[in-house]
Amino acid sequence: MHRGDQPVKTDAPGPIASSPPPPEARPSPARWWRAVAWIGLYLALVAAPLLMLLAGPLPKGGGRAWDFAMALGFGGLAVMGLQFVLTARFRRATAPFGIDIIYYFHRYAALVGIGLVVAHYAILRVGFADAVGPANPLAAPWHMTAGRVSLGLFVVLIVSSLGRKLLRIEYDGWRIGHAVMAVVAMVLAIVHIMGVGHYTAAAWRGTVWTAYSALWLMVAGYIRGWRPWVLRRHPYRVTSVRPERGRSWTVTLEPEGHPVLRFRPGQFAWVTLGTSPFRAREHPFSFSGSAADSRRLQFTIKELGDFTRTIKEVTPGTIAYVDGPHGVFSTDHFPSSPGFVFVAGGVGIAPVMSMLRTLADRGDRRPLLLIHGCRSWDDCLFREEVQELQSRLTLSVFQVLQEPPPGWSGGVGVLSEEVIGPRLAPLTASQVFFLCGPKPMADAVQQTLRRRGVPLGRIQTELFDMA
Amino acid sequence: MRERIAILVCWLTLGLVVGLSWLFALRHNPVAPPPAPSVSVAAPGPEARPPGTNEAGARLFREQGCTSCHALGGNGNPRYPLDGVGARLKPDELRAWITGTGPAAGTLSAMVVRRKARYLELSDADLAALVAWLGEARAPAP
Ligand SMILES: Cc1cc2nc3c(=O)[nH]c(=O)nc-3n(C[C@H](O)[C@H](O)[C@H](O)COP(=O)(O)OP(=O)(O)OC[C@H]3O[C@@H](n4cnc5c(N)ncnc54)[C@H](O)[C@@H]3O)c2cc1C
């Protein structure tokens, strides 16, 4: 399904590849066309059931409002079904966009889908109450009950996802509930359509429809079954857990019996530590090591919550699985940029370290600027290594501390316009900017850059939060 | 920028589905749309009901789920309106169509025949009430 056309080899979801990425990234027009093609495919898949309804002889009409409502139902279900495909992490399809934006799209597409399904129900409920029949499941035909329950589940699904933090739903529990509800809601919706049967009764439509529905469920199977299975066949072992500044730890992994996966500096992976990939207990972390290192992977992880708190207790020898690489946050996509500016907040330095280390290993001498926001000098993650890297790179560094020590000569405060604006000003004409850190920081820096006329195409951001 | 494209694709998706759905509704109903059905209440009011006084028939028509496939007097599924059916069909024909038996079985799809099979279990009195009630449905669609 995904024989890679990317330099980073991506055949199976398996984290294996042997050819190192070439120094030149692919030209960007090709990436644009690929993106357009994938969007086209998405829209075609959304339209497919409706085009199928339009093709061939139609059964007797029921009035415009009625048939409009019916078609909306089919469209809504197609959008919902494709939600599975969006989050299946098909690397080839997500590569031109960056998987973070696919998840972003997934959230908004859910609103489109639920909007269509609610409109389907509302038009019928208001205009044709007798046809919809009683809500009481004892009196209603089973396929109507299936439709109602499905709609209810979709609503719960969306509310619990968009409101997860407000409702204080714990991540791992949410994730399992989300997957289960999604599959059940989808199956019930298909049951509803089959039960109503009006449009799917004609033999060929029934067959095509069954195949189309089966496709969605196969994708769900791929995510929960095939992908973890492939991951399990490419295990890694923890070789060290090294404490760093700022309540962070660097975990080093080495592959067991297969070549290490290759990535572009700045990318990330979903990492499972000490448990089976089938349990879906994975967390996204940026590669922090050099992409030129062909023996091991490094992740630098900050203690922030239930899972990351346990990193310090991880012992060498622990089994690990790595689903990646993902993401488009990488200097490799800009081979012709005259230089780069990195703005990192806290542990947001992790992907930046990967880019700096890789550029150093490749002997790249383009001018670089690193702006790093930290709480205190003690917390300033990787500050020693950054200093060492200055001898191997054309790198200037500007650290901004919220709690500066006496006599501090760097920046003070947060990464606001006043603090970093003057540093960025001379660079806005040509450089590519990489922002990584908490959302308020990334937003503030992005606005600073936009006000100075930097086009969005030259501002690359990675948020450490997908939800 | 990628965020903007994502939102744009969402709008495109919405536009595509709504547009195609409308196209479908038009192709499916080429003539002017039938008058928008009145917002119906659970029980059709006397004025919405076709002429006839057979309360049992009207009640059965709703309770037996006929409205999930048929409309009468603007209430129910507009796909298969039964308005004026009383003027067209004789009582034994009505009975056959209700139960999906006899010549009717040949025209109806297998699924509908299955659904209608349960009406064979209606008591003779109930079936007679339905037939009598539909027999009085002589008015054309509202
Ligand atoms: C693309 C990307 C790259 C990242 N790179 C790094 C990195 O290099 N170093 C680093 O320290 N952190 C990184 N993070 C953040 C890291 O994934 C979260 O801090 C971690 O998953 C939190 O887990 P927890 O159980 O300790 O925290 P919790 O307190 O349980 O969760 C805090 C919040 O983190 C998010 N989160 C929790 N679990 C997951 C999960 N399994 N998948 C996705 N989100 C989750 C949720 O929004 C949750 O509300 C990255 C995140 C993303 C999206």
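Guide: A residue is called buried here when its relative accessible area is under 20%. The model in view is predicted.

Visitor: With that in mind, is β7(A) mostly covered or mostly open?

Guide: Strand β7(A) is mostly covered, as six of its six residues are buried.

Visitor: Which residues point each way from β7(A)?

Guide: A:F340, A:F342 and A:A344 point one way, while A:V341, A:V343 and A:G345 point the other way, and all are buried. In general, the side chains of a regular strand alternate between the two faces of the sheet.

Visitor: Which strands does β7(A) join, and over how many bridges?

Guide: Six bridges join β7(A) to strand β8 of chain A, residues 367–376, and the two run parallel. Within that pairing, A:F340 stands opposite A:L368. Five bridges join β7(A), residues 340–345, to strand β11 of chain A, residues 432–437, again in parallel. There A:V341 has A:F433 opposite.

Visitor: What is the strand order in the sheet?

Guide: The sheet is open and has six strands in chain A, in the order β10-β9-β8-β7-β11-β12, with parallel pairing. Strands β10 (411–412) and β12 (459–463) of chain A stand at the edges with a single partner strand each, so one side of each is left without a neighbour in the sheet.

Visitor: Let us turn to β3(A). Is it enclosed or open?

Guide: Strand β3 of chain A covers residues 268–273, and six of the six are buried, so the strand is largely enclosed by the rest of the structure. Both faces are covered: A:F268, A:W270 and A:T272 are buried on one side, and A:A269, A:V271 and A:L273 are buried on the other.

Visitor: Which strands pair with β3(A), and in what sense?

Guide: Strand β3(A) pairs with β4 of chain A, residues 283–286, in the antiparallel sense over four bridges. It also pairs with β6 of chain A, residues 319–326, in the antiparallel sense over five bridges. A:V271 takes part in both pairings: A:H283 stands opposite it in β4(A), and A:V322 is its bridge partner in β6(A).

Visitor: Where is the cis peptide bond?

Guide: It joins A:G324 and A:P325, with omega at about 0°. A:P325 is placed in strand β6 of chain A.

Visitor: And what of phi at A:R89 and A:R247?

Guide: A:R89 is a residue other than glycine with a positive phi, near 60°. A:R89 is placed in the loop between α2 (64–86) and α3 (91–94) of chain A, and with 4% relative accessibility it counts as buried. A:R247, also not a glycine, has a positive phi of about 50°. Its loop runs between β1 (236–244) and β2 (248–255) of chain A. A:R247 is partly exposed, at a relative accessible area of 48%.

Visitor: Stepping back, how many helices and strands are in chain A, and how does its radius of gyration stand against the globule rule?

Guide: Chain A has 12 helices and 12 strands. Its radius of gyration is 25 Å, close to the 23 Å that the globule rule gives for 467 residues, so chain A is as compact as a globular protein of that length. The C-alpha trace spans about 80 × 50 × 40 Å along its principal axes. Buried residues make up 57% of chain A.

Visitor: What about contacts and charges in chain A?

Guide: Of the contacts in chain A with a separation of 6 or more, 75% come from residues 24 or more positions apart. Chain A carries 48 positive and 31 negative side chains, and the centres of the two sets lie 6 Å apart.

Visitor: What is in chain B?

Guide: Chain B contains seven helices and three strands, which follow the pattern α-α-β-β-β-α-α-α-α-α along the sequence. Buried residues account for 40% of its 142 residues. Chain B exposes about 7,600 Å², of which carbon and sulfur atoms supply 66%.

Visitor: Which residues is A:Y108 in contact with, leaving aside neighbours within four places in sequence?

Guide: A:Y108 is in contact with B:I7 and B:C10. A:Y108 is placed in helix α4 of chain A, residues 99–127, and is partly exposed, with a relative accessible area of 35%. Its C-alpha atom is separated by 9.9 Å from that of A:L162, which is 54 residues apart along the chain.

Definitions and conventions
Residues numbered from 1 in each chain as written. Chains lettered and ligands numbered in written order. Predicted model: local features only at pLDDT ≥ 70, side-chain atom pairs only at ≥ 80, totals over all residues. Heavy atoms only, no water. Rg over C-alpha atoms; globule rule 2.2 N^0.38 Å. Buried < 20%, exposed > 50% of the residue type's maximum accessible area, 1.4 Å probe, protein only. Contact = heavy atoms within 4.5 Å. Lys, Arg positive; Asp, Glu negative; His and termini not counted. Charge placed at Lys NZ, Arg CZ, Asp CG, Glu CD. Pairing = 2+ DSSP bridges. Areas by Shrake-Rupley, 256 points an atom, 1.4 Å probe, with all protein chains shown as cover.
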